[in-house]
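Please consult the sequence and the structure together while reading.

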Amino acid sequence: MKSTKAAALSVAVAHLLAGQPCLAQEAGEVATASAPVLINPATAMAYSAMLPGYGQIYAGEPVRGGVLLAIDAGLTGAAIAGYFLKSETLMQGAIVGMIFTTVVATFDAYLLVRDRNQERVEAARHLRGRPLPR
(Lines give C-alpha, C1' and ligand atoms only; values in the text may rest on other atoms or scores of the structure.)
Protein backbone atom coordinates (compact mmCIF):
# COMPACT_ATOMS: atom_id res chain seq x y z
CA MET A 1 0.00 0.00 0.00
CA LYS A 2 2.85 2.37 0.80
CA SER A 3 4.46 1.93 -2.62
CA THR A 4 1.12 2.68 -4.30
CA LYS A 5 0.74 5.86 -2.27
CA ALA A 6 4.33 6.84 -2.98
CA ALA A 7 3.88 6.29 -6.72
CA ALA A 8 0.65 8.29 -6.80
CA LEU A 9 2.27 11.06 -4.78
CA SER A 10 5.25 11.28 -7.09
CA VAL A 11 2.98 11.52 -10.15
CA ALA A 12 0.84 14.19 -8.51
CA VAL A 13 3.83 16.24 -7.38
CA ALA A 14 5.45 15.94 -10.81
CA HIS A 15 2.28 17.30 -12.44
CA LEU A 16 2.05 20.15 -9.95
CA LEU A 17 5.72 21.15 -10.17
CA ALA A 18 5.89 20.93 -13.95
CA GLY A 19 2.69 22.93 -14.33
CA GLN A 20 1.36 20.30 -16.69
CA PRO A 21 -2.31 19.42 -16.76
CA CYS A 22 -3.36 16.04 -15.43
CA LEU A 23 -4.93 13.43 -17.66
CA ALA A 24 -8.45 14.53 -16.77
CA GLN A 25 -7.65 18.15 -17.55
CA GLU A 26 -6.16 17.25 -20.93
CA ALA A 27 -9.20 15.17 -21.83
CA GLY A 28 -11.69 17.71 -20.51
CA GLU A 29 -10.32 20.68 -22.41
CA VAL A 30 -10.80 19.08 -25.82
CA ALA A 31 -14.46 18.21 -25.37
CA THR A 32 -16.62 19.05 -28.33
CA ALA A 33 -20.24 20.12 -28.39
CA SER A 34 -21.34 16.76 -29.74
CA ALA A 35 -19.50 14.51 -27.30
CA PRO A 36 -18.39 15.92 -23.96
CA VAL A 37 -15.50 14.06 -22.36
CA LEU A 38 -16.58 12.77 -18.99
CA ILE A 39 -14.34 11.74 -16.12
CA ASN A 40 -15.05 8.46 -14.38
CA PRO A 41 -16.01 9.21 -10.75
CA ALA A 42 -14.84 5.77 -9.62
CA THR A 43 -11.34 6.51 -10.89
CA ALA A 44 -11.19 9.79 -8.99
CA MET A 45 -12.47 8.05 -5.87
CA ALA A 46 -9.86 5.29 -6.19
CA TYR A 47 -7.08 7.85 -6.59
CA SER A 48 -8.24 9.73 -3.49
CA ALA A 49 -8.59 6.49 -1.53
CA MET A 50 -4.97 5.62 -2.35
CA LEU A 51 -3.66 9.11 -1.72
CA PRO A 52 -5.98 11.80 -0.36
CA GLY A 53 -6.01 14.74 -2.77
CA TYR A 54 -4.87 12.93 -5.89
CA GLY A 55 -8.46 12.38 -7.04
CA GLN A 56 -9.01 16.13 -6.89
CA ILE A 57 -5.83 16.73 -8.90
CA TYR A 58 -7.02 14.15 -11.44
CA ALA A 59 -10.38 15.93 -11.67
CA GLY A 60 -8.73 19.29 -12.40
CA GLU A 61 -8.59 20.92 -8.94
CA PRO A 62 -4.86 21.01 -8.13
CA VAL A 63 -5.18 23.53 -5.28
CA ARG A 64 -7.84 21.51 -3.47
CA GLY A 65 -5.83 18.35 -4.05
CA GLY A 66 -2.63 19.99 -2.85
CA VAL A 67 -4.30 21.08 0.39
CA LEU A 68 -5.53 17.54 1.03
CA LEU A 69 -2.08 16.14 0.20
CA ALA A 70 -0.48 18.59 2.64
CA ILE A 71 -2.95 17.65 5.39
CA ASP A 72 -2.28 13.96 4.84
CA ALA A 73 1.48 14.52 4.80
CA GLY A 74 1.27 16.45 8.08
CA LEU A 75 -0.78 13.73 9.71
CA THR A 76 1.64 11.09 8.45
CA GLY A 77 4.51 13.07 9.98
CA ALA A 78 2.61 13.32 13.26
CA ALA A 79 2.02 9.56 13.29
CA ILE A 80 5.71 8.90 12.66
CA ALA A 81 6.68 11.39 15.38
CA GLY A 82 4.25 9.69 17.78
CA TYR A 83 5.86 6.35 17.04
CA PHE A 84 9.39 7.59 17.74
CA LEU A 85 8.33 9.62 20.78
CA LYS A 86 6.46 6.60 22.14
CA SER A 87 3.27 8.66 22.35
CA GLU A 88 0.32 6.42 21.64
CA THR A 89 -2.09 9.34 21.93
CA LEU A 90 -0.32 11.33 19.20
CA MET A 91 0.04 8.31 16.96
CA GLN A 92 -3.59 7.22 17.35
CA GLY A 93 -4.89 10.75 16.85
CA ALA A 94 -2.85 11.14 13.68
CA ILE A 95 -4.05 7.79 12.33
CA VAL A 96 -7.68 8.69 13.02
CA GLY A 97 -7.07 12.02 11.25
CA MET A 98 -5.56 10.21 8.26
CA ILE A 99 -8.57 7.91 8.02
CA PHE A 100 -10.95 10.86 8.26
CA THR A 101 -9.00 12.79 5.61
CA THR A 102 -9.08 9.78 3.29
CA VAL A 103 -12.86 9.35 3.67
CA VAL A 104 -13.52 13.07 3.13
CA ALA A 105 -11.17 13.24 0.12
CA THR A 106 -12.73 10.17 -1.48
CA PHE A 107 -16.28 11.48 -1.09
CA ASP A 108 -15.21 14.96 -2.24
CA ALA A 109 -13.57 13.51 -5.36
CA TYR A 110 -16.82 11.76 -6.26
CA LEU A 111 -18.90 14.90 -5.79
CA LEU A 112 -16.40 17.04 -7.70
CA VAL A 113 -16.35 14.73 -10.72
CA ARG A 114 -20.13 14.30 -10.65
CA ASP A 115 -20.65 18.07 -10.72
CA ARG A 116 -17.99 18.59 -13.42
CA ASN A 117 -19.56 15.91 -15.60
CA GLN A 118 -23.00 17.47 -15.19
CA GLU A 119 -21.61 20.88 -16.20
CA ARG A 120 -19.99 19.38 -19.30
CA VAL A 121 -23.18 17.62 -20.36
CA GLU A 122 -25.23 20.79 -19.87
CA ALA A 123 -22.70 22.87 -21.81
CA ALA A 124 -22.77 20.37 -24.68
CA ARG A 125 -26.58 20.41 -24.78
CA HIS A 126 -26.62 24.19 -24.69
CA LEU A 127 -24.14 24.44 -27.55
CA ARG A 128 -26.27 22.10 -29.68
CA GLY A 129 -29.29 24.29 -29.17
CA ARG A 130 -31.29 21.82 -27.12
CA PRO A 131 -33.18 23.10 -24.10
CA LEU A 132 -31.78 21.86 -20.83
CA PRO A 133 -33.95 19.34 -18.94
CA ARG A 134 -35.63 20.63 -15.78
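In which helix is T106 found? T106 is found in helix α6, which covers residues 88–127; helices are DSSP runs of H or I with at least four residues, numbered from the N terminus. This is a predicted model, in which local features need pLDDT of at least 70, side-chain atom pairs count only at pLDDT 80 or more, and totals for chains, interfaces and linings use all residues. Residues are numbered from 1 along each chain as its sequence is written, and side-chain values use heavy atoms, with hydrogens and water left out.

T106 has a relative accessible area of 14% and is therefore buried (under 20% relative accessible area, with a 1.4 Å probe and protein chains only). Apart from neighbours within four places in sequence, T106 is in contact (heavy atoms within 4.5 Å) with M45, S48 and A49.

The axes of α3 (residues 41–50) and α6 come within 8 Å and cross at roughly 155°; the axes are lines fitted to C-alpha atoms over the stretch in contact, with angles from 0 to 180 degrees between N-to-C directions. The two helices are therefore roughly antiparallel (over 145 degrees).

The largest nonpolar core comprises 7 residues: I39, A44, Y58, A59, A109, L112 and V113. Such a core is a set of buried Ala, Val, Leu, Ile, Met, Phe, Trp, Tyr and Cys residues joined through side-chain atoms within 4.5 Å. Helix α6 supplies its largest share, 3 residues. Leaving aside neighbours within four places in sequence, A44 is in contact with G55, Y58, A109 and V113.

Notes. Buried means under 20% relative accessible area, exposed over 50%, partly exposed in between (1.4 Å probe, protein chains only). Angles under 35 degrees count as roughly parallel, over 145 as roughly antiparallel, 65 to 115 as roughly perpendicular and the rest as oblique.
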